[in-house]
Amino acid sequence: KYGLGEAEPGEARKPRMLIIPKNWRDNHRILYSSNPKTGSTSFKKWFNRVQGDTRPYDEIGGVHAMKKYGNIEDAWDLAKSKTNDPDSVTLADMIKPFYKVGFMRNPLTRLISGFRDKVLRRTPEGIKGDMINIDPSLRKESTDADKFAAFAEGVVKDTIHNFHFVPQWSKMKVCDFPYDIIAQTETTSQQIKEIQEKTNLTQFEFPGSRSEAGFDSVATVHLAHEFYDKVKPDIMEAIYQLYKWDFVTMGYTKLSNPNFPYLDFDQDFEKEFGPLVYEKDPPSLKPSEPVRLGPG
């Protein structure tokens with residue numbers, strides 16, 4: 001019941017992680033589909049505030065532990081209680097009472113954010129895994145941009161693995177889950193107001209971003225041109241293909257687009273990213289899976 005592999009019309013496929021507040025029965029019926037590196041830490045801190053934690057946001061930690069939030073089994077029980085055939089209840093039935101929220105981010109800035117968080121901040125030399133095999137000249141003193149170029153190559157060649165770096169559309173089940181809103185990290189401050197109004201949560205202030213809170217001296221978006229300038233052209237094209245459906249489904253832009261990193265639905269997506277419809281699927285592409293590019 002939690003992980004339907006395929007969605008028929010009227011059904012739903014489960015995204016990677018669904019969260020509800022403990023007090024969801026108190027007219028706070030919001031369901032959050034957590035997507036890493038899109039502001040999920042801030043959103044979960046906000047959920048803690050909704051649940052009654054009055055501490056300053058910088059003192060609220062451990063927010064990724066699922067036990068901190070509502071038991072989604074209770075929502076299943078509610079859905080089952082409303083029918084004479086409990087065994088027929090599906091994920092789509094369970095989520096109906098909730099305002100369903102997801103966040104996505106421009107894949108280019110999200111990849112940099114993942115690199116800063118999982119590599120630069122968590123390794124002594126800012127070098128991890130296969131990066132040194134890709135670029136043997138890397139040293140602790142190498143620039144962050146040079147390290148990122150090796151990291152990005154490892155991601156698209158599938159030698160560096162982490163769910164923080166996989167395409168969002170697949171993990172979020174963008175085409176198979178009935179979101180009420182898929183907001184953009186780039187415009188969180190505007191869109192969170194809509195979410196607050198729809199869920200009767202306007203009294204709970206939303207936390208600021210890492211850069212706004214002083215944790216990052218330079219926002220990720222300001223590093224994009226510097227970092228991607230070091231990425232080889234063929235690897236850059238592989239990045240665009242790996243995250244193709246993140247760009248297309250949400251309308252995100254390439255680095256060369258004047259609107260970067262925001263949305264631009266006037267762009268020619270086939271010109272930018274290649275054919276969107278094939279007479280038959282390419283051998284390497286299955287509709288329910290992200291494209292993964294091998295070392296060759």
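Reader: Hi! Is E226 buried, exposed or partly exposed, and why?
Author: Hello! E226 counts as partly exposed because its relative accessibility is 46%. Buried means under 20% relative accessible area, exposed means over 50%, and partly exposed lies in between, with a 1.4 Å probe and protein chains only. This is a predicted model, where local features need pLDDT of at least 70, side-chain atom pairs count only at pLDDT 80 or more, and totals for chains, interfaces and linings use all residues. Residues are numbered from 1 along each chain as its sequence is written, and side-chain values use heavy atoms, with hydrogens and water left out.

Reader: Which helices do F115 and F151 lie in?
Author: F115 lies in helix α4 (residues 107-120) and F151 in helix α6 (residues 144-156), so the pair ties together parts that are 36 residues apart in sequence. F115 is buried, at 0% relative accessible area, and F151 is buried at 0% too.

Reader: What about charges: which residue meets K254 in a salt bridge?
Author: That is E272, at 3.8 Å, N to O. A salt bridge is a side-chain nitrogen of Lys or Arg within 4 Å of a carboxyl oxygen of Asp or Glu. E272 is in helix α12 (residues 269-273) and K254 in the loop between α11 (244-250) and α12, so the pair ties together parts 18 residues apart in sequence.

Reader: So is K254 buried or exposed?
Author: K254 counts as buried, at 11% relative accessibility. Its charged end sits over the ring of Y240, 4.4 Å from the centre, and over the ring of F273, 5.2 Å from the centre. A charge sits over a ring if NZ of Lys or CZ of Arg is within 6 Å of the ring centre and within 35 degrees of the ring normal.

Conventions:
Helices (H or I, at least four residues) and strands (E, at least two) are DSSP runs, numbered from the N terminus.
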